[in-house]
Amino acid sequence: MPRAAELRTTTEKSLFAVSFLISLIAWTLIVVTIVGLLYGLMIGLFLFIAHALMIAHVKGNGVRISETQFPDLHRRVAEAARKLGLDKAPEAYVMQAGGALNAFATKFVGRNFIVIYSDLLEACDEKDKEIDMIIGHEIGHLALGHLKWIWFLIPSRVLPWLGPAYSRACEYSCDLCGYETAGDFGAAARGLAVLAAGGKYGRQVNIDAFVEQAADTGGFWTSVYELNASHPFLPKRIAALMNHKSPGIVPEVGRHPLAYPLAPMFNFASAGGSGALVMVAIIAILAAIAIPQFSKYRAMAQQKAVESAGEAP
């Protein structure tokens, strides 16, 4: 059974190298010439607190999976962690999320977590390995170190084209982790189909016909959308699994050439785009520039006031 590192795609490796270099340069410039060490620490503290509160929400409202709480899920999590090379299985929680079909992984002060929404579990066949695909995908994020670098790579993640492209590459790698965990293409593909059509109809999806839909994603607007999206289109994700199993079986679908220069203009309207991160970064940088300038202006005003008072009779 391949470990997670062997499942990392070549595209992810290349984009990580570029993202790391750009982020290293950006953080150096921010700390040295714009924000200063103090403001960098303030921003880091803000992000730390926000993350801590999110973890608190999960631990306070979710149900922790253990040997005595959902033992079947506990076994699946432990097995996925073993297959993907983690030394220790992550803390896993089930949460109700108002019908959302989703799951996510996160990391906090050295501890790994995965959270699976209850509606997604209910949509999967308990007797099949669709759940293993979901669990393996999320543990893949941890095993591949995606959460280890998430804060450092923020400068590159907010960049048009590069940030979403790296995110999509990570998703493809984690799909392979889920596929290897499930050990069955049909179950892995069905796990992704459930995300598209829900539980009842997801199990009725004709996988071959669904993969053919990937050919419809090469138009201008679909290309614009995906270039700003953090996740690839679902038919493409299943096609990638098919090509992993049998290389070249599904032709690669290109994108409309005009979408590349125009995609950043429509970032705000693309779900999963980096628009929110861009706004956070811009606000943080502007605040870091404005606060010192305001302090300097206030000091000058106070000095003028003192001088004026000294000149008064």
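Residues are numbered from 1 along each chain as its sequence is written, and side-chain values use heavy atoms, with hydrogens and water left out. In this predicted model, local features need pLDDT of at least 70 and side-chain atom pairs count only at pLDDT 80 or more, while totals for chains, interfaces and linings use all residues.

**The sheet**

Helices (H or I, at least four residues) and strands (E, at least two) are DSSP runs, numbered from the N terminus. Two strands pair if DSSP finds at least two bridges between them. Four strands make an open sheet with mixed pairing, in the order β1-β2-β4-β3.

Strand β2 (residues 91-95) runs antiparallel to β1, and two bridges join them. Valine 63 has valine 94 of β2 as its bridge partner. With strand β4 (residues 111-117), β2 pairs in the parallel sense over five bridges. Valine 94 also stands opposite isoleucine 116 in β4.

Buried means under 20% relative accessible area, exposed over 50%, and partly exposed in between (1.4 Å probe, protein chains only). Five of the five residues of β2 are buried. Glu91, Tyr93 and Met95 lie on one side of β2, Ala92 and Val94 on the other, and both faces are covered.

**Aromatic pairs**

Rings of Phe, Tyr and Trp (its six-membered ring) pair if their centres lie within 6.5 Å; planes under 30 degrees apart count as stacked, over 60 as edge-to-face and the rest as tilted. The whole structure holds 13 aromatic pairs. One of them, between phenylalanine 20 and tryptophan 149, is edge-to-face, with 5.5 Å centre to centre and 80 degrees between the planes. This pair links distant parts of the chain, 129 residues apart: phenylalanine 20 is in helix α2, and tryptophan 149 is in the loop between α6 (130-143) and α7 (154-157). Tyrosine 225 and phenylalanine 233 form a stacked pair because their ring centres are 5.8 Å apart and their planes are at 15 degrees.

Phe20 and Trp149 also belong to one aromatic cluster, formed by Phe16, Phe20, Trp149, Phe152 and Tyr166. The table gives the accessibility of the residues in the two pairs described above.

| Residue | Relative accessibility and class |
|---|---|
| Phenylalanine 20 | 28%, partly exposed |
| Tryptophan 149 | 30%, partly exposed |
| Tyrosine 225 | 33%, partly exposed |
| Phenylalanine 233 | 18%, buried |

**Helix packing**

Helix α11 (residues 220-227) has Ser223, Val224, Glu226 and Leu227 as its buried residues. The cover over the buried residues of α11 includes α8, α12 and α13 (259-262). Contact here means heavy atoms within 4.5 Å.

Serine 173 is placed in helix α8. At 0% relative accessibility, serine 173 counts as buried. Apart from neighbours within four places in sequence, the contacts of serine 173 are Leu7, Arg8, Thr9, Glu12 and Leu144.

Histidine 244 belongs to helix α12. Its relative accessibility is 35%, so histidine 244 counts as partly exposed. With neighbours within four places in sequence left aside, histidine 244 touches Leu176, Tyr179 and Glu180. Histidine 244 and leucine 176 are 68 residues apart along the chain, and their C-alpha atoms are separated by 8.1 Å.

**The second largest pocket**

On a 1 Å grid over the protein atoms alone, a pocket is an open set of points where a 1.4 Å probe fits, with protein on both sides within 12 Å along at least five of seven lines; lining residues have an atom within 4 Å of a point. A volume is the space filled by probe spheres set on the points, which are joined across faces, edges and corners.

The second largest pocket holds about 640 Å³ of space. It is lined by 25 residues, of which Thr11, Tyr172, Lys236, Ala240 and Glu252 are the closest to its centre. Two or more lining residues come from each of α2 (10-34), α8 (162-182) and α12 (234-245). The lining has 14 nonpolar residues (Ala, Val, Leu, Ile, Met, Phe, Trp, Tyr, Cys and Pro), six charged ones (Asp, Glu, Lys and Arg) and five polar ones (the others, Gly among them).
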